[in-house]
Amino acid sequence: MQLPNIIEKSGQRVLTTAQLAEAYGTTEKRISENFIRNREHYIRGKHFYYLEGETLKDFLHSANCGLQNESKIRFL
């Protein structure tokens, strides 16, 4: 396993769904399903970030995450 690229948001290191999937040897879909199933346990801004619009666009540009089809991503 390759170490993930370091990405920061608001001064905190973060992992993308793709990075989590790679680390756990699973799919992004499975990570998302588990998140949705357990959403009530997580606090926005503490355990996860929800980005959309210009904030998302700025984050994708500055983080250089290597995501494909960034223009089609509506929220993260």
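Biologist: How many aromatic pairs does the structure hold?

Modeller: This is a predicted model, in which local features need pLDDT of at least 70 and side-chain atom pairs count only at pLDDT 80 or more, while totals for chains, interfaces and linings use all residues. Residues are numbered from 1 along each chain as its sequence is written, and side-chain values use heavy atoms, with hydrogens and water left out. Rings of Phe, Tyr and Trp (its six-membered ring) pair if their centres lie within 6.5 Å; planes under 30 degrees apart are stacked, over 60 edge-to-face, and the rest tilted. The number of aromatic pairs is 2.

Biologist: What is the angle between the planes of Phe 35 and Tyr 42?

Modeller: Phe 35 and Tyr 42 are stacked, with ring centres 5.3 Å apart. The angle between their planes is 15°.

Biologist: Which residue forms an edge-to-face pair with Phe 35?

Modeller: The centres in this pair are 5.0 Å apart and the planes are at 75°. Phe 35 lies in helix H2 (residues 28-37; a DSSP run of H or I, at least four residues). Its partner is 13 residues away, in the loop between H2 and helix H3 (53-63). That partner is Phe 48.

Biologist: Is Phe 48 buried or exposed?

Modeller: Buried means under 20% relative accessible area, exposed over 50%, and partly exposed in between (1.4 Å probe, protein chains only). Phe 48 has 16%, so Phe 48 is buried.

Biologist: Where is Gln 19 found?

Modeller: Gln 19 is buried, at 13% relative accessible area. Gln 19 is found in helix H1 (residues 17-24).

Conventions
Helix = DSSP H or I, 4+ residues; strand = E, 2+ residues; numbered from the N terminus.
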